[in-house]
Structures are given as C-alpha cells and as structure tokens.
Amino acid sequence: MILGLIGILLGLGLLIWFSFRGWSVLLLAPLAAMCAVLFSNEPLLAHWTQTFMGSAARFLAKFFPLFLLGALFGKLMENSGSISIVADFLMRRLGESRAILAVVLAGALVTYGGVSLFVAFFVLAPMARRLFCLANIPRRLMPAAIVLGTSTFTMSSMPGTPSIQNAIPMPFFGTTPFAAPSLGLIASVIMLAFGLYWLHLKEKNARLTGEGFGNAGTVPVAADPGSDDALRERAVAAREFDPAEILHGKAATAPLPVYLAALPLIVVVTVNLIMSLIVLPNMDAGFLGEARWGKVSLSDIGGVWAVITALLCAIFTVLAINWRRFPNLRETMDAGANASVLPAISVASLVGFGSVVAAMPAFEIVRNWVLGIGGSPLVSLAVATNLLAALTGSASGGLTIALDALGSTYMMNASELGIDPALLHRIAVIGAGTLDSLPHNGAVVTLLAVCGSTHKESYRDIVMVGIVGAIFALIAVIALGSLFGSF
C-alpha cells in the first residue's frame, strides 16, 4: 500500500514538473498514470486502455459539445469585431478616470456572455494597454485587472455562467448552471469588491510614489500565441481554447452598432436562464430512461443541455447579424472548431490520469484523508478541489478529477446530512477556481505574455485578485451554506 502511494505521488510529481516545463499533457498524463500503476503492481495495459481511456472518453462524451460550441462562439465574436466593440464602448464610457473598472467590467461582460477566456485576453490586452497609458496607471497592474474581470466571479460564481468549470459538476450532482444563485451572487460581490479594492489601492500607492505607466517604447510586444510551444501546451490544459487559433480567420472591418455587438452575449444569458428554469423543468424526459439513451435522468444532463442550447442560439445570432461582414466565414468557423480539440483532449487526459489514480488500492489512504478533514463535507470538498486544481494547474482538470474520484461519496454524504447538491456544486466550482492560478497555470503564463509582463512584475497582484479574493468568497459561501443551506 505504501509503495502504491509513492507511485501516485511520483506520477503526480512527474505530471506537474514536466507540464510546467512545457511538455504535452497528452504524453504526460498516460505516462504519469502508468507510473502509479507500476508501483501498485496493477495490470498496466488494462488500466491504460480500460481505465484511462474509458474515463477520458466519458469526459469527452459529456463535455466536448461545450468545448466545441464555446470555442466556435468565441472565435465568431472575435472575428466579427463584437468583443472589441463592446469592450471599447465600455472603456470609452467609463473613461480613463475609471480605467481599472472599465477593463474589469469589459472582461466580465464578454466572459459571462460565453466568450472563451483566451479570446478575451487577446482582445482586451491592447485596449487595456491604451487605457492604462492614458490614465498613467502602471502597466504591471494590467494582468491583474484582466484576471479579475475574466477569471474569477464570471468563471466560478455568477449564476448561469456558461464556463466549462460551471458545467462540470452538473452531471455529478444533477444541478443546473444556476445552482445556489444567491450564494453565487454573494461570492461574486466579494471577489469583485476585494479585487477592485486591491487594484485601486495599488493605483493610489503608485500615484503617491510617482510611478506611472512606464516607457511605452520599452513595453514588450505581446507574444505570438503560436510561436511558443511550451506556452501553448500549458495553456490548452488550463482552459477551453487553443490560443494558436487566435491567428487564424479574418476579422470583419465594417462598423457594427454596439447594441448588435452585445446582443449575442445577452442571448447566451437569457436562453440559459429560460432553459434552466422554465423549459427543462417542464419537459417530459421519461424516454431518457430507455437503454438506447443510456438510462439517464434529465437531472444528469439537463444542465449541459441548457448551456448547449444557449451557445447554439448565440452562435446563430452572431451569424445572422454578421453574415455579410465576415471576410471568410468558413475559415473563421474552422478556426473556432479546431481551437476546441486540443484543450478538450488535454483536459480529458488529465481526467484519465485521475481515474487511474482513483482506481489504485493506495488511493484509499488519500480518500480517507480528504473525507476525514474536519468541519463538514463542504470543507473537505473545497480542500479537494483546491488541491487538485493547484497541482494540475487547471480548474477544469482538477475539478473533474476530484468529482470523478469522490463525487458519488459526497453525494451520499450530502443525502445523509440533508445538504442540497446545489451547494456542493457551487463550492466545488469556486474551490477549483482559487489555487488553479498558481505560477504554472497556462492562463497566467499566456496572459503575462500577452500583456508583455512578467511574474516578477505582476504575479503578486494576480494572487491577490485571483486567489485571495476567491478564497475569501469560498469561506463565506461555506459558512453561509453551513448555516442556512443552499439559496
């Protein structure tokens, strides 16, 4: 048993070390999994083809439509110019006196509206650079402002957010994207308020010391997302869009009114709400219990259906508005579809690794330790998702590994203790969105490159707005959920 535990830790160590150095997760995940199998004296090939591949295939079967539609929608919004128009409108309206708030709100609007994170990065960074320069705010604060708007509350806590992280717990807990909506809103307010407080404090301190934007001529050019293979490999395992596809497809040049540019974002949120709260609860889905549909219930897949429908409606809206504006629609759609494949398979490989680890006899030691954490299942769930997201550098990968291994146990414990699965859903997602932003996270590495900044310059502020604020929100949700339940 001890030897098996050493194998698990060694496999995890190999995965972390080599992925940080830019090795592909597609190679590392099965290699790390087989390392754990060898030390446990379990059947090697059987675990690779049956356990690893079976788990990865089940993940793709559940979630690939979300990766595909999310990446396609993001690419269409980018090449139509809609993201730039909406972001530029907000930044002009709020002005240089509220430069930080403008960048945060622009990022929040486009990501809550379903635009892929990396697409948002490459559109927002040039605008933020221009606005921060006009306002004479240190450029080192740019990455943290973008992180606060794109990678915190709109990823994990805003009710109905179409992020892949918010979708992952739905099949495990039978929940919807709007799980624990009031708790999610409270968490969002905490993250946003703390993040803005920190950024404005740093801006104030910079003005007192005379620090400005810096010499614009010395600002490094944003990285070509396809030129650094190591950066790209880290990125695709962390989020849902392959940044290499940012360069593909041709952008529209004809002007578009801001209300039409924003309409697809509104469609995502509205259709998601209608599907989750009205259409699906009133649907007769008894046919799903038949063998040909996998003998599932609507609660198992309804949440995924809601997000799929919302993204499909938004995609058709973008196409209807911009049909004549796209210089090459096929090239844009191909790039969007291609951008979904590598991230989906990379995260599925992380899930396969987690499934193999969970199948090892020695994992019982880890399981007992996690479930034995004091407090309640809410606390141990938060710790499990935090740790796994931190170790893998991926909120979606860490979250799926945790729920694959322990989801059914948490559901059983919740049933015994009268805990609403919606509360488990919200805590799991917020927990996965905290320590995933460690230095080796692909999104962090990519954003710093896009902003022309470094870990030394900007990472401390990313930690404060992306990790510390999220931990405060997580603690608040656990405390309120423990006292009042899900609401």
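This report describes confidence, cysteines and the surroundings of one threonine in a predicted model.

Residues are numbered from 1 along each chain as its sequence is written, and side-chain values use heavy atoms, with hydrogens and water left out. Local features need pLDDT of at least 70 and side-chain atom pairs count only at pLDDT 80 or more, whereas totals for chains, interfaces and linings use all residues.

The pLDDT, the predictor's confidence in each residue from 0 to 100, averages 87 over the chain, and 94% of the residues score at least 70. Where pLDDT is low, the predicted coordinates should not be read in detail.

The disulfide count is zero, a disulfide being a pair of cysteine sulfur atoms within 2.5 Å. The table gives relative accessibility, with buried meaning under 20% relative accessible area, exposed over 50% and partly exposed in between (1.4 Å probe, protein chains only).

| Residue | Relative accessibility | Class |
|---|---|---|
| C35 | 11% | buried |
| T51 | 18% | buried |
| C313 | 30% | partly exposed |

T51 lies in helix 3 (residues 44-79). Not counting residues up to four places away in sequence, T51 touches A46, S355, V356 and A359. The side chains of T51 and H47 are joined by a polar contact of 2.9 Å. A polar contact is a pair of N or O atoms within 3.5 Å; within protein, one must be able to donate a hydrogen and the other to accept it, and residues adjacent in sequence count only if both atoms are side-chain atoms.

Definitions and conventions. Helices (H or I, at least four residues) and strands (E, at least two) are DSSP runs, numbered from the N terminus. Contact means heavy atoms within 4.5 Å.
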